[in-house]
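Take a look at the model below. We will walk through it one place at a time.

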Amino acid sequence: MKNACIVEAENLFDKMPQRNTVTWNTMIRGYFQNGFFDKAMCSFNQMPERDNFSYNTVIAGLMQCGDVNNAREVFDGMVDRSVVTWNSMISGYVRNGLIDEAIRVFDNMPIRDVVSWNLVIFGLGENDCGEDGIKFFIRMKESDLFPDQSTFTSVFTICSVLPSLDLGKQTHAQTIKTGLNCLIAVSNAMITMYARCGNMQSALQEFSSMPIHDVISWNSIICGFAHHGEGKKALEMFERMRLTDVKPNDITFVGVLSACSHAGLVDQGRYYFDYMKNKCFLQPTSEHYTCVVDLLGRFGLIDEAMSFLDQIRADGVEIPPSVWGALLGACRIHKNIKVGEIAGESILEVEPSNSGVYLILAEMFLSSGRKEDAEKIWARMKGNGIKKQPGCSWIEINNSGHVFLSGDRSHTEFRRICFLLNLLSAEMGTKILKPSNATSEEIRISFVGCYE
DNA sequence: CTAGGGTTAG
């Protein structure tokens, strides 16, 4: 039922000589889908007899509009709850970010099906609890239920976020055993898993093995290459995509433009941005603008970046903070304090608690000998009660995860890691335009924890 | 006939 049709549906419903429960249920769903929550609830209360479908429709509808409490009330008032009823509650809680509630429902339900497990695994993944999601995945396999397409896509996504290449490979093997690796959604998730685990070769191999590609397959491989700084390969894939019938979307161009940015391909970047707007008729988003400013800025074309901002304004768009951020980053590299200050202050107007901006501005002042201005920035930061979040990163090696937090140095291999990092940064220093005079400071890392 | 699950960037 489309929005314009709901009126027509209502007319028919009113004119009907007789209605049954199915008719009422259909009408209620239509009301919810078109945003008429009051009418939906009115019908629900008015209808002569309610079956399980009626309740499930109302719970899902209320959950979809964020009315978690009323959904709970309807649920609590039910006598006969089906698996779908319980799953609707889990789904609703997950959708509204209440993962703990979702798990409580899961724990209490008398019978679970594949969807119940999938919802919990997906929900945990979406809420930064991927490791717990994996635990549920293992428990699921110990039950008498078999993982399906949705299970595997969620698990691959978790593997790509953790990231855990080992688990990803293991899961890959399981999809082959079950034949689910032939499904396009599963393959797509697998490409992203391999890409984000740093294994572009396997990502490409999976991509190449697929008989059919959809826009997500192409986006996954393009963004994968772009993310790894393989700008040329990303663009090669995009050119191959153009030979197919698959239409690129806005995400494709985020990949393409960031590829140009990482590879320093300024002319191509200008061309693809124009191509996106004028040939594909895609409205640029703030991400696209950010990519272009980043591309121009990295290359030192600060003036062109500034006039590009005018072009954005001409589209009737207010410059988003992320665009100013890209410009600020460029100014930092190319030591353009004048524009950098404009960019930084523009961000702070909208995001006064953005600690990174204060630090970059202070650093820029300091490195150009304006110590007093740097101190003013620090004072402002302190005055606003802004603290920097310590940096954190993690990596999986030989089945165990190593988590590093900026500041302390308790990792057992701290000295060896520092030594190797210094070697690496010396190596990189020869390839960067700017000589590595910036950092004689010791690289500070620390060991925080381990997971299995 | 009607109800629950969604993979892509930064």
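How many disulfides does a search of the whole structure find? The search finds zero, where a disulfide is a pair of cysteine sulfur atoms within 2.5 Å. This is a predicted model, in which local features need pLDDT of at least 70, side-chain atom pairs count only at pLDDT 80 or more, and totals for chains, interfaces and linings use all residues. Residues are numbered from 1 along each chain as its sequence is written, and side-chain values use heavy atoms, with hydrogens and water left out.

Start with Cys 260. Its nearest cysteine sulfur belongs to Cys 291, 8.9 Å away. Cys 260 counts as buried because its relative accessibility is 0%; buried means under 20% relative accessible area, with a 1.4 Å probe and protein chains only. For Cys 331, the nearest cysteine sulfur is that of Cys 291, 17 Å away. Cys 331 is buried too, at 0%.

Now find two helices, H11 (residues 165-178) and H12 (residues 184-196). Helices are DSSP runs of H or I, at least four residues, numbered from the N terminus. The axes of H11 and H12 come within 10 Å and cross at roughly 160 degrees. Axes are lines fitted to C-alpha atoms over the stretch in contact, and angles run from 0 to 180 degrees between N-to-C directions. H11 and H12 are therefore roughly antiparallel, a label for angles over 145 degrees. Residues in the contact include His 172 of H11 and Met 190 of H12; contact means heavy atoms within 4.5 Å.

Finish at Ile 337, in helix H21 (residues 337-350). Ile 337 is buried, at 16%. Beyond four places in sequence, Ile 337 touches Met 364, Phe 365, Ser 368 and Arg 370.

How values were computed: Chains lettered and ligands numbered in written order. Buried < 20%, exposed > 50% of the residue type's maximum accessible area, 1.4 Å probe, protein only. Parallel < 35°, antiparallel > 145°, perpendicular 65-115°, else oblique.
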